[in-house]
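Work through the exercises below with the sequence and the 3D view side by side. Each task is followed by a solution in steps.

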Amino acid sequence: MSTIKQIQVTFDCAEPARLAAFWCEVLGYVVPTAPEGFATWEEYHRSLPPEEEVYFACTDPSGAGPRLLFQRVPEGKVVKNRLHIDVRAGAGLVGEERLATLEAECARLMALGAKHVLTQRADGVNESCITMQDIEGNEFCLA
């Protein structure tokens with residue numbers, strides 16, 4: 001039986017560089033260095049034929065998290081995501097301390113262009129979480 005050791009999460013998007021930069025800020029990820037022979041990713045992408053797929057990737061500098069790939073697609077987002085990222089900003093926290101931490105992170109991400117969608121407060125069964133959208137409308141949760 002094969003063992004999967006790594007995963008990559010791929011986003012279809014309109015602006016790969018912009019969305020990669022957003023998620024680098026959210027998660028503390030970094031964009032790898034440009035391919036050999038190119039000073040920047042922009043220079044590399046300008047060297048490609050117009051029909052070539054444009055993409056950006058970013059990685060967790062610690063190596064613990066999955067690589068994120070952002071690839072340009074012609075169509076826009078039209079429905080709710082079937083898969084979303086949970087950014088675990090409040091892991092291990094409960095009650096008001098958790099909610100305050102999530103609200104502070106929500107404010108930071110809104111300054112980066114994210115949108116607040118819904119705050120779900122603790123109800124005795126589930127802890128608080130905040131549903132947001134990234135700069136291209138992809139849903140994610142602060143949990």
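**Exercise 1.** How many bridges join β5 to strand β6, and do the two run parallel or antiparallel?

Solution. The model is predicted: local features need pLDDT of at least 70 and side-chain atom pairs pLDDT 80 or more, while totals for chains, interfaces and linings use all residues. Residues are numbered from 1 along each chain as its sequence is written, and side-chain values use heavy atoms, without hydrogens and water.

Step 1. Find the strands, which are DSSP runs of E with at least two residues, just as helices are runs of H or I with at least four, numbered from the N terminus. Strand β6 covers residues 129–133.
Step 2. Count the bridges: five join β5 to β6, and the strands run antiparallel. Two strands pair if DSSP finds at least two bridges between them.

**Exercise 2.** Give the strand order of the open sheet and identify its edges.

Solution. Step 1. The order of the four strands is β4-β7-β6-β5, with mixed pairing.
Step 1. β4 (85–87) and β5 (115–120) each have a single partner strand, so one side of each lacks a neighbour in the sheet.
Step 2. On average, neighbouring strands are turned by 25° against each other, direction ignored. Axes are lines fitted to C-alpha atoms, for helices over the stretch in contact, and angles run from 0 to 180 degrees between N-to-C directions.

**Exercise 3.** Describe the aromatic pair of F22 and F140 and state which parts it ties together.

Solution. Step 1. The structure holds nine aromatic pairs. Rings of Phe, Tyr and Trp (its six-membered ring) pair if their centres lie within 6.5 Å; planes under 30 degrees apart are stacked, over 60 edge-to-face, and the rest tilted.
Step 1. F22 and F140 are edge-to-face, at 6.5 Å centre to centre and 65° between the planes.
Step 2. F22 lies in helix α1 (residues 16–27) and F140 in strand β7 (residues 139–142), so the pair ties together parts 118 residues apart in sequence.
Step 3. F22 is buried at 4% relative accessible area, and F140 is buried at 0%. Buried means under 20%, exposed over 50%, and partly exposed in between (1.4 Å probe, protein chains only).
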